[in-house]
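Please consider the structure shown below together with its sequence. The paragraphs that follow treat its pockets, one of its sheets and its aromatic pairs in turn.

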Amino acid sequence: MARRQTIQQQIGAFLRAIKIDKIGQMLIATGRLVTSGIKAGLNWVIKAGRLVISGIKKGLNWVIKALKSLSTYLWSKKLLTFVLGLLLIFGGLTLAAFVPNTHIFESNLTVEEMSFTYAGKEPKLFLDTVRGITSLEIEGKQTLSFTGKIQSKSTPALNQLTILEIEPIDSTSKWSIATANLKQSSELEFTELRLQPDTQVNKLSYDTYRNQLAFSLRSNTPVEKQTNTNILQLSLGNQPLKVTLEGYKLKNVKLPIDSEKQKQLEFILTPNNQEFRLNLADPVTIYLQPPAPKNNEFKQWFRGKIEVKNVQFQRLDRTGSNQGDNLPISTILNGEVHMAEQERKIKRNQFLMVEEPGIKLIRYLNIVPQKGLEVRISGKSKLIQIGLDKEFPVSRIQASWLDGVLPRDAIIALISFCAASFSYLLYFIIDDISKSTSRNP
């Protein structure tokens with residue numbers, strides 16, 4: 001029995017050795033096939049590369065020989081060479097008169113409403129020194145703190161305070177400040193508003209009937225990357241002021257339950273500190289009622305030379321719940337645009353469509369009594385289009401490369417001269433070639 005087991009073990013070892021040897025031989029054969037395939041592929045790539053290089057060399061040699069033959073022929077035909085040179089010059093000038101190129105443009109518009117994004121690198125003074133304002137209302141999640149004498153008939157608990165700290169409930173919170181005695185001249189002054197880089201100014205408008213300036217501010221910079229906020233400074237004066245709060249809660253005073261349920265809280269503030277500085281919330285909407293424009297003071301309220309991008313003179317007419325139902329409505333009342341000695345008038349409700357790079361600078365911004373806002377803009381563009389419908393413009397300005405070098409009248413005269421000369425020179429070349437062919441049949 002032991003001998004039989006030994007024989008079986010020896011036979012099994014022998015079979016296993018045979019299998020291992022076969023597997024090894026198969027692996028070696030497979031490796032050889034793979035290596036052979038790689039070598040064949042590399043050889044094919046090398047041969048193909050050599051053929052491509054050879055073809056390129058032959059092509060270059062043919063081009064060089066052709067150029068040499070052409071130069072020899074042209075050198076023997078000096079008059080023909082001169083005529084060909086003139087033909088190329090006149091053809092190039094004609095082409096330069098038609099190929100569009102980017103040019104500086106400027107426009108003066110009267111609008112009901114506009115929006116833009118401040119594109120400067122440093123904080124920019126936007127609104128400056130509006131004296132004698134009647135009221136100021138700010139909507140947004142704005143934290144407030146008032147100091148001075150506080151009087152309230154509806155909420156006597158406020159009468160004991162000299163400092164009132166206020167927190168908003170949400171982004172719909174509102175607060176307003178106005179002169180308490182409308183018979184007196186207002187001492188309330190809008191000192192300045194500075195815009196931080198990449199701030200979006202939306203729905204900037206002037207309501208001529210209510211004498212109200214309105215706009216919204218929103219930063220395009222992510223919250224985690226914001227280092228500074230837009231800054232508003234006021235001068236409160238010494239007169240009593242009427243303060244109205246909506247959607248706010250008081251930090252340092254406990255109001256009765258009935259008072260806390262009130263949607264609106266009013267009190268009279270006699271400030272003991274005239275300077276009032278606000279780091280504006282984001283987003284925020286401001287409604288400012290300035291004094292009646294007189295003595296051209298309003299021309300100094302807005303500061304010009306504002307670097308901008310994404311300028312729009314339109315608003316959306318929201319007609320349904322579907323966003324596709326919204327219709328853009330132009331807010332332009334009138335104006336004109338100039339580029340490369342060309343001028344176009346812009347009528348009421350027409351769109352101004354400027355191809356990129358587009359509007360880059362607001363040079364001047366002003367309130368026009370009984371009309372709206374006057375704005376002067378400039379920038380660079382290849383194409384400016386005007387029309388009641390964006391898809392179907394009725395007027396355009398498109399200037400060529402030559403418009404930046406010569407006056408328009410000179411360009412028209414040059415095109416006429418080049419066209420006549422081009423025709424004559426082309427006829428001369430064809431006639432010369434036909435004569436040479438007839439001499440050498």
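**Pockets, sheet and aromatic pairs**

The second largest pocket has a volume of about 310 Å³. The model is predicted: local features need pLDDT of at least 70 and side-chain atom pairs count only at pLDDT 80 or more, while totals for chains, interfaces and linings use all residues. Residues are numbered from 1 along each chain as its sequence is written, and side-chain values use heavy atoms, with hydrogens and water left out.

A pocket is here an open set of points on a 1 Å grid over the protein atoms alone, where a 1.4 Å probe fits and protein lies on both sides within 12 Å along at least five of seven lines; lining residues have an atom within 4 Å of a point. Grid points are joined across faces, edges and corners, and the volume is the space filled by probe spheres set on the points.

The lining of the second largest pocket consists of 14 residues, and Ser115, Lys203, Gln312, Gln314 and Leu316 lie nearest its centre. At least two lining residues come from each of strand 2 (113-118), strand 9 (199-207), strand 17 and strand 18 (314-317); strands are DSSP runs (E, at least two residues), numbered from the N terminus. Strand 2 gives the most, with four residues. By residue class, this lining divides into two nonpolar, eight polar and four charged. In this scheme Ala, Val, Leu, Ile, Met, Phe, Trp, Tyr, Cys and Pro count as nonpolar, Asp, Glu, Lys and Arg as charged, and the others, Gly among them, as polar.

The largest pocket has a volume of about 400 Å³. Its lining has 16 residues, of which Asn310, Val311, Gln312, Leu352 and Val354 lie nearest the centre. Strand 17 (306-312), strand 22 (351-354) and strand 23 (358-368) each supply at least two of the lining residues. Eight residues of this lining are nonpolar, four polar and four charged.

Arg318 is placed in the loop between strand 18 and strand 19 (327-330). Arg318 is exposed, at a relative accessible area of 60%; exposed means over 50%, buried under 20% and partly exposed in between (1.4 Å probe, protein chains only). A distance of 8.8 Å separates the C-alpha atoms of Arg318 and Pro328, which are ten residues apart along the chain.

Four strands form an open sheet in the order 3-8-11-15, with antiparallel pairing. Strand 3 (124-130) and strand 15 (275-279) are the edge strands, each pairing on one side only; two strands pair if DSSP finds at least two bridges between them. Strand 3 and strand 8 (residues 189-195) run antiparallel and are joined by five bridges. Leu125 stands opposite Arg194 in strand 8.

The aromatic pairs number seven. Rings of Phe, Tyr and Trp (its six-membered ring) pair if their centres lie within 6.5 Å; planes under 30 degrees apart count as stacked, over 60 as edge-to-face and the rest as tilted. Phe146 and Trp175 form an edge-to-face pair, at 6.0 Å centre to centre and 70 degrees between the planes. This pair links distant parts of the chain, with Phe146 in strand 5 (residues 144-151) and Trp175 in strand 7 (residues 174-179), 29 residues apart. Phe146 counts as buried at 1% relative accessibility, and Trp175 counts as buried at 1%.

Phe146 also forms an edge-to-face pair with Phe267, at 6.1 Å centre to centre and 75 degrees between the planes. Because Phe146 lies in strand 5 and Phe267 in strand 14 (residues 264-271), the pair ties together parts that are 121 residues apart in sequence. Phe267 is buried, with a relative accessible area of 2%. Elsewhere, ring pairs link Phe116, Phe126, Phe215 and Phe302 into a cluster.
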